[in-house]
Amino acid sequence: MARMILVVEDEIELARVLRDYLEDSGFRVETAYDGSTAISRFHHSHPDLVLLDLNLPGMDGLDVARELRRARDIPIIMVTARVDETDRLVGLGLGADDYVTKPFSPKEVVARVQAVLRRAYGEPLQPEILRAADIEIDLMQHQVNVGGKRVELTPMEFEILAALARYPGRAFRRMELLEIAQGEAYEGYERTIDAHVKNLRAKIESDPKSPRYIQTVYGIGYRFGEA
Ligand code: CA
């Protein structure tokens with residue numbers, strides 16, 4: 001079972017980006033936009049790690065951390081807005097497992113999450129592999145095999161494929177895919193997805209003209225098919 005990460009962040013857009021990156025890396029994710037919601041999510045969904053923003057409306061991150069730690073010894077990565085805040089927290093001896101300062105790259109955060117989980121649970125992360133017909137997508141290693149042969153994808157192609165393959169049959173809008181694949185999307189650029197999909201098909205489909213995996217959903221975008 002994939003590890004569950006609770007993301008506590010009141011900047012909704014940022015929470016969404018973190019969620020997307022973590023999910024693409026094989027984690028399950030719950031989000032909460034304020035402290036009291038975070039605590040109730042914590043009790044309901046039993047996360048393995050909490051990524052906790054310090055500056056929250058109402059109950060701040062420190063109070064949330066204390067409350068969570070009273071319940072159990074959950075690994076916490078504290079997110080601060082400034083380096084001197086981190087220094088202050090370390091001084092308080094809160095015992096967070098790691099600290100991340102904004103602005104950060106979501107990839108960096110994912111790496112920290114993986115490292116803290118390894119330390120906390122003392123086990124290698126289980127590779128999470130999606131399989132359909134003769135394609136294998138390793139979400140941890142970012143590797144794709146088709147018919148047992150390694151296929152080299154660009155990071156963008158990989159993100160698009162992984163996003164689609166997580167939810168076989170679900171139609172994704174181009175805009176949605178762009179956002180998942182690069183963390184942001186601008187109106188008017190959604191067609192750039194088509195070029196990536198074309199390249200992706202050339203690499204993974206035996207007949208790119210009649211694609212088996214990356215299917216076009218007319219008027220919407222794309223979906224992953226297993227047919
Ligand atoms: Ca905040």
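This report describes the calcium site, helix packing and some backbone features of a predicted model.

## Calcium site

Three residues coordinate the calcium ion: Asp-10 and Asp-53, each through OD, and Asn-55 through O. Along the chain, the donors follow the spacing D-x42-D-x1-N. Asp-10 sits in the loop between β1 (4-8) and α1 (12-24), while Asn-55 sits in the loop between β3 (49-53) and α3 (61-71), so this pair ties together parts that are 45 residues apart in sequence.

## Helix α7

Helix α7 covers residues 174-182, and seven of its nine residues are buried, so the helix is largely enclosed by the rest of the structure. The buried residues are Arg-174, Met-175, Glu-176, Leu-177, Leu-178, Ile-180 and Ala-181. Charged side chains are among them, since Arg and Glu count as charged.

What do the buried residues of α7 pack against? Their partners are the helices α1, α6 (155-166) and α8 (192-204), together with the strands β10 (172-173) and β12 (221-224). After α7 comes Gly-183, which has a positive phi near 80 degrees.

## Helices α2 and α3

Two packed helices are described by the angle between their axes and the distance between the axes. For α2 (residues 35-45) and α3, the angle is about 20 degrees and the axes are 10 Å apart. Angles under 35 degrees count as roughly parallel, so α2 is roughly parallel to α3. Their crossing is right-handed.

On the α2 side, the contact is made by Gly-35, Ala-38, Ile-39, Phe-42 and His-43. On the α3 side, Val-64, Glu-67, Leu-68 and Ala-71 take part. By class, the residues of this contact are six nonpolar, two polar and one charged.

An α-helix has 3.6 residues a turn, so residues three or four places apart point the same way.

## Helices α6 and α8

The axes of α6 and α8 are 10 Å apart, and the packing angle is about 85 degrees. The two helices are therefore roughly perpendicular to each other. From α6, the residues Met-156, Glu-157, Ile-160 and Leu-161 meet Ile-193, His-196, Val-197, Asn-199, Leu-200, Lys-203 and Ile-204 from α8. This contact divides into seven nonpolar, two polar and two charged residues.

Lys-203, one of the α8 residues in that contact, is partly exposed at 34% relative accessibility. Leaving aside neighbours within four places in sequence, Lys-203 is in contact with Val-151, Glu-152, Leu-153, Thr-154 and Glu-157. Thr-86 is 117 residues from Lys-203 in sequence, and the C-alpha atoms of these two residues are 45 Å apart in space.

## Helices α1 and α5

Helix α1 packs with α5 (residues 106-121) at an angle of about 55 degrees, with the axes 10 Å apart. The crossing of α1 past α5 is right-handed.

Val-17, Leu-18, Tyr-21 and Leu-22 of α1 make this contact with Pro-106, Lys-107, Val-109, Val-110 and Val-113 of α5. Its residues comprise eight nonpolar, no polar and one charged.

## Backbone features

Most residues other than glycine have a negative phi, and most peptide bonds are trans. Which peptide bond is cis, with omega near -5 degrees? It is the bond from Lys-102 to Pro-103. Pro-103 is located in the loop between β5 (98-101) and α5.

Two histidines have a positive phi. For His-46, phi is near 45 degrees. His-46 lies in the loop between α2 and β3 and is exposed, with a relative accessible area of 54%. For His-142, phi is near 55 degrees. His-142 is in the loop between β7 (135-138) and β8 (143-146) and is partly exposed, at a relative accessible area of 37%.

Terms used: Residues numbered from 1 in each chain as written. Predicted model: local features only at pLDDT ≥ 70, side-chain atom pairs only at ≥ 80, totals over all residues. Heavy atoms only, no water. Donors = N, O, S within 2.8 Å, 3.2 Å for Na, K, Ca; no water. Helix = DSSP H or I, 4+ residues; strand = E, 2+ residues; numbered from the N terminus. Buried < 20%, exposed > 50% of the residue type's maximum accessible area, 1.4 Å probe, protein only. Contact = heavy atoms within 4.5 Å. Axes fitted to C-alpha atoms, helices over the stretch in contact; angles between N-to-C directions. Parallel < 35°, antiparallel > 145°, perpendicular 65-115°, else oblique. Left-handed = near helix turned anticlockwise from the far one by under 90°.
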